[in-house]
Amino acid sequence: MSIIEMVIVLVASALLTLQTIKEDGAKRRNTLLAAEGQNEVVINTALGDWVTNNYASLLAQYVAPGPTTVTPPTLDQLFTAGNLKQPHANGPFWGGIYVIQMTVGPAGCSVSNGDCHVTYVMYPSKPLTRNGQPDVTGAAKIAQAGGNSFGFSKVQNSGTITGLNGAWTATNPLPGSPAAAILATNGPTSDGNSVYIRRDGTLTWTGDQNVNHVSLHNVHDIDAEGTIAAPTLAASNADVSNAIRTPSTLYVQNAAGGAPAPIDTGAETVHGNATVTGTLTAGNLAVPRSACSGTGIAANSDGSGQYLSCQFGVWLPIGGPILRMAYWNVANGSVVPAPTCPSGGLAQIELTPQVFSVDPTTAVNFGPVGGTGPWTISIVDGSGVPIAGAKGVVSTYCSY
């Protein structure tokens, strides 16, 4: 091989070596950029989790008309709270720190209406550079590794951060609006998790829910404005301190099978057996001897606890229009108190002789007759002389 040929071979080898070094360097940089993007997406995801866990307290800081700037967590606080699983350096490999900004808005929103959201951005405080120049290509690779929540500024219109595929835009937050600025956000009008049911109850459902036949356990209160329908409604220990109200329809399974039977407000019908282990209080009140229809049951309107039933079109006590209230053994001079009759009832007395002996030519007088009590018993002969040893029994009644 001639000297010229050797020189050509050496030059070619050097060029190949230089190209290999450049390719290895580019590969290592691409790996570093992808790792940075993945690191930033971990921080961004942790921010979303932190917002979800602290959503109620963040909304409480809102001042109308908004938007209101709130204090975001530091990376150390994200780690302490468990949103980050390990400590993170507070800045990218090219220098600067990660800046986090958070607001509650937009302007004019209302916490009570549920249209306020927590918006945050996270960005390195310095643009990505290479050899002292903005590295837009490298910034794009970091954003691609981060995902749709990431964007970067380009040389053209560097004052605007553009999300991947142009999905969103934001103002470049870095001084001078340089190219290759990288920014992550949860979006300008969403808190990033509002599609989920918040465990702190700060957002209400906006549509019907289907729980796919799974059970709900450890429920405290249930307030229903519409219909509750279930094949079986069971309570092992139901303690009702106030009232059960059914503004619409409550369905109870027919004991004989078939479709659930409705209990409608104002016209309750239970098909099957109903067992109440506590206290059953009548909600319907009535006045004895007032008109009624059907075969319903009501409580006396005086609050005495007496129950009435509709009998032949009239409200009368259960047991009939004459209720025996007390029984007494009496002699001449005994005093019998009047029974306490619920509203509408008239106190009455019935005296029955049991033991007496008189001369056959002498009259016997038992009293009293009539009156509303209390009564003094009189058992005398025709001359008004008490009959010795005479006894009787007295029953007192309430008549309706």
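Accessible areas here come from the Shrake-Rupley method with a 1.4 Å probe, and for residues only the protein chains shown count as cover. On that basis, the accessible surface of the protein chain comes to about 24,700 Å², with 55% of it belonging to carbon and sulfur atoms.

This is a predicted model, in which local features need pLDDT of at least 70 and side-chain atom pairs count only at pLDDT 80 or more, while totals for chains, interfaces and linings use all residues. Residues are numbered from 1 along each chain as its sequence is written, and side-chain values use heavy atoms, with hydrogens and water left out.

I begin with the overall architecture. The protein chain has 4 helices and 23 strands; helices (H or I, at least four residues) and strands (E, at least two) are DSSP runs, numbered from the N terminus. Of its 400 residues, 30% count as buried, where buried means under 20% relative accessible area, exposed over 50%, and partly exposed in between (1.4 Å probe, protein chains only). Contact means heavy atoms within 4.5 Å. Among contacts between residues at least 6 apart in sequence, 56% join residues at least 24 apart.

I turn now to the interior. A nonpolar core is a set of buried Ala, Val, Leu, Ile, Met, Phe, Trp, Tyr and Cys residues joined through side-chain atoms within 4.5 Å. The largest such core has 37 residues, and Val51, Met102 and Leu128 touch the most other members. Elements that each supply at least two of its residues include helix H1 (3-53), strand E2 (98-105) and helix H4 (136-146). H1 gives the largest share, 6 residues. Apart from this core lies another, of 11 residues, among them Ala347 and Ile387.

What is Met102 in contact with, leaving aside its neighbours within four places in sequence? Its partners include Leu47, Trp50, Val51, Leu58, Pro72, Val118 and Tyr120.

Next, the aromatic rings. A search of the whole structure finds 1 aromatic pair. The ring centres of Phe93 and Trp94 are 5.0 Å apart and their planes stand at 90°, so the pair is edge-to-face (rings of Phe, Tyr and Trp, the last by its six-membered ring, pair with centres within 6.5 Å; planes under 30 degrees apart count as stacked, over 60 as edge-to-face and the rest as tilted). Trp94 is buried, at 16% relative accessible area, whereas Phe93 is partly exposed, at 36%.

Ile222 is found in the loop between E9 and strand E10 (227-228). Ile222 is exposed, because its relative accessible area is 67%.
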